[in-house]
Amino acid sequence: MTVVLDAVSKSFGNVKVLHELSLEVQDGEFLVLLGASGSGKSTALRMIAGLETVSGGRISISGRDVTDQLPKNRDVAMVFQSYALYPHKTVAENIGYPLKIRRLNRTEVESQVREVAAQVRIDELLERYPRELSGGQRQRVALARAMVRRPSVFLMDEPLSNLDAKLRGHMRAELKHMQHELGITTIYVTHDQIEAMTLAHRVALLEGGRLQQLAAPKTIYEDPENLFVAQFIGSPPMNVAHGRLDEGTFVIGEDRVATGGTETVANAVIGLRAEDCQVVAPEDGAIRAQLFANELIGDHTLVTAKIGEDMVSIKAPKEFEAGIDEAIGIAFEKDKLYLFDRDTGARIRRS
Amino acid sequence: MNRSAMQWLFEPPSIRDMAPGTKLIVYAILTFWTAFVLFPIYWVLITSFKSAIDVNSGPVYLPFVDFQPSLHAWKELFVFDFWDTLRAYMNSLIIALSATAASVIIGSMASYALARFEYQPRFGVVFMFVLVMIGAFVAVGRYGVDWRLSCAVGVAIFYFLARALGRHFRARLSNGDILFWMISQRILAPIVVVVPIYMMFQQVSLLDTHIAIILTYTVINLPIVIWLMYDFFTSIPIDLEECAQLDGATRFGVFWDIVLPLSRSGLAATTLLVMILSWNEYLLALFLSTSRAQTMPILVAAMNAGERGILWWSMSVVIIVMIIPVVILAVILQRYISKGLLLGAVKG
Ligand SMILES: Nc1ncnc2c1ncn2[C@@H]1O[C@H](COP(=O)(O)OP(=O)(O)O)[C@@H](O)[C@H]1O
Ligand SMILES: [Mg+2]
């Protein structure tokens, strides 16, 4: 089922935390709302769920305007970060609660509970209470409870963030598989870009309550709309260096880098991913830099260097060796270069 | 094991893990304390079997050894004064149970609303209501206007004033103000309000009726219920309630299925407290009842006022029968008072 946000905004008192957010989630799509803490992801999700009133704009689910509907009439299920299991109900009662409210008869509830419990592999735990479960098991119960009534839309607010790293990776894969199997439209909130990149069909990146970019993970990585997106996605974040753009030539210190365009921008920024750079001899590089530190990290060496005042990271082969403060050159292919307007943060696309 | 003094105080080790010497001391202290607590009850019990001579001739402690127990006080109350005793007992039961039920039901719902909904009444409108009500009371009390007429006119005036002027008041009250207003009802000592309450019930001809005392007790207990339950309700993770809403529950369904079961400890403790307060209340009952609606505390006090001096033995009998219902209720409710109800709800 589709979910459409049309210029949805939200204010708490005088503070506007969501600015005219518009997005369209396709039927069966896995959309991830990604953003730093406080960027308004949870608020957006809670508005879709109906737990938060809407200050402006409309929300519709499956083509039906639900802006003023109660949560229970929206046919959405939510998995909370805290899992929110009912502590006084057994696992079976927790999962069966949405069905019980819909007045299904007991045998029907039981069989459906069994079915989803088997799907998430907690059928052994049905008689237990939430306090007797581990974090991962609680997570599965919360998931089963959301799945049991086949909602139009799944909403998940950082569902994996309370798990330890290993379990998180495992559950991530399971979630992805499950969503694929069930084909239910899912909106998933996270601050973890790995989660976003691995799970999403499309990622919506939020910052300060504004949508920065809505695109497939690959696009958002390879073709960021602006400086913020470029620096948010990727690990280590995209390197940036400040300079000016002079008729298509980027001027930084004494170095001049031909970018292939013709723009002139007084305050410009170039962006380069760590893996797109090579460390070379000073005279062979496009930009000269000073080595700041190098760290061997398993299969590669992470070289940190200074270009003027800017720090950049470069992935070098693990055999790389050089002394601190040595001069180095940085080489890269021209089409791996990103240009941004420093004042607006907007991407400068080469004409 | 290094344990701080605080840990010793608040997370004492199990008595089973103690060294034998320590264990002995702990048991000795506990035994002493038990005796200390139970002694008054024992004293009342034996006094109820004493005769006037036994009481007046100095302390005697052991029945059959120190004195010959007799049933005269029990007989007096349950045979000669049977109907009076029974009536007071039934009055007490009806009044305390009704008042407890009413204040716990109304109070917990009010408290939940204050914990989970946001109210913003306009200050000016609330102020107008108070003014109009004062006017209505003055009209009744000072100028002898019929109370029904006065109330109806007051409500009508308030309604039109609020409709006409309400929008112009900017300042608003919040939930915190309402909560404080509730508890402020208990800051006044009951003796201060007893005369106005008396006059109110006199106006509506309800003096010496159950309903008057039940209403009064409900009102004075409401703030206690609201304040105690507020704490329990706010300690329930809001996620649970939101999740239940998304699962399809109505607001009332959330309250019934999730909130009530999770606050049953608080509810049980509050019920018990309110029941005890209503059961033992004396001052208001003294003013509001003259004969038909007299409660047990009044009966006890009456033992004090006879021409024969204080009837310790009769008083003891009444006290013993008065303790029984409270003990029963405590035993029933104690099962619901348990720790860790919220365990496993969130994270973990
Ligand atoms: N109930 C609220 N009252 C006031 N401010 C709120 C409330 N809920 C969230 N906010 C504010 O809105 C902003 C976005 O919050 P949130 O949506 O929770 O961010 P995220 O989930 O992306 O971390 C934050 O600055 C937060 O302080
Ligand atoms: Mg959040």
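1. This is a predicted model, and I begin with the arrangement of chain A. The centres of domain 1 of chain A and domain 2 of chain A, taken over C-alpha atoms, are separated by 40 Å. In that chain the domain assignment places domain 1 at residues 3–228 and domain 2 at residues 238–341.

2. Where the two parts of chain A meet, 5 residues of domain 1 are in contact with 7 residues of domain 2. Between them, domain 1 of chain A and domain 2 of chain A bury about 520 Å², of which 62% is on carbon and sulfur atoms. On the domain 1 side of chain A, the residues that lose the most area to domain 2 are Tyr221(A), Pro224(A) and Leu227(A), which together account for 83% of what that side buries.

3. Chain B is also divided by the assignment, into domain 1 (39–70) and domain 2, the latter made up of 77–119 + 207–334. A distance of 33 Å lies between the C-alpha centres of domain 1 of chain B and domain 2 of chain B. Here 7 residues of domain 1 of chain B are in contact with 6 residues of domain 2 of chain B, and the two domains of chain B bury about 610 Å² between them, with 86% of that area on carbon and sulfur atoms.

4. Two backbone features in chain A deserve a look. The peptide bond that runs from Ser235(A) to Pro236(A) is cis, its omega being near 0°, and Pro236(A) belongs to the loop between helix 8 (227–232) and strand 11 (239–246) of chain A. Arg103(A), a residue other than glycine, has a positive phi, near 60°, and is found in the loop that lies between helix 2 (91–101) and helix 3 (106–119) of chain A.

5. Which residues are around ligand 1? They are Phe12(A) and Val17(A), together with Ala36(A), Ser37(A), Gly38(A), Ser39(A), Gly40(A), Lys41(A), Ser42(A) and Thr43(A). By class, the residues of this shell divide into 3 nonpolar, 6 polar and 1 charged, and the element that gives the most to the shell is helix 1 (residues 41–49) of chain A, with 3 residues.

6. A backbone N or O atom of Ser39(A) is 3.2 Å from an oxygen atom of the ligand, whereas for Ser42(A) an N or O atom in the side chain lies 2.6 Å from an oxygen atom of ligand 1. For Thr43(A), a polar side-chain atom is 2.5 Å from an oxygen atom of ligand 1. Taken on its own, ligand 1 has 560 Å² of accessible area, and the protein covers 55% of it.

How values were computed:
Residues numbered from 1 in each chain as written. Chains lettered and ligands numbered in written order. Predicted model: local features only at pLDDT ≥ 70, side-chain atom pairs only at ≥ 80, totals over all residues. Heavy atoms only, no water. Near = heavy atom within 4 Å. Polar contact = N/O pair within 3.5 Å; in protein donor to acceptor, adjacent residues only side chain to side chain. Areas by Shrake-Rupley, 256 points an atom, 1.4 Å probe, with all protein chains shown as cover. Helix = DSSP H or I, 4+ residues; strand = E, 2+ residues; numbered from the N terminus. Nonpolar A, V, L, I, M, F, W, Y, C, P; charged D, E, K, R; others polar. Domains from an automatic or database assignment. Contact = heavy atoms within 4.5 Å. Buried area = accessible area lost by both parts, 1.4 Å probe.
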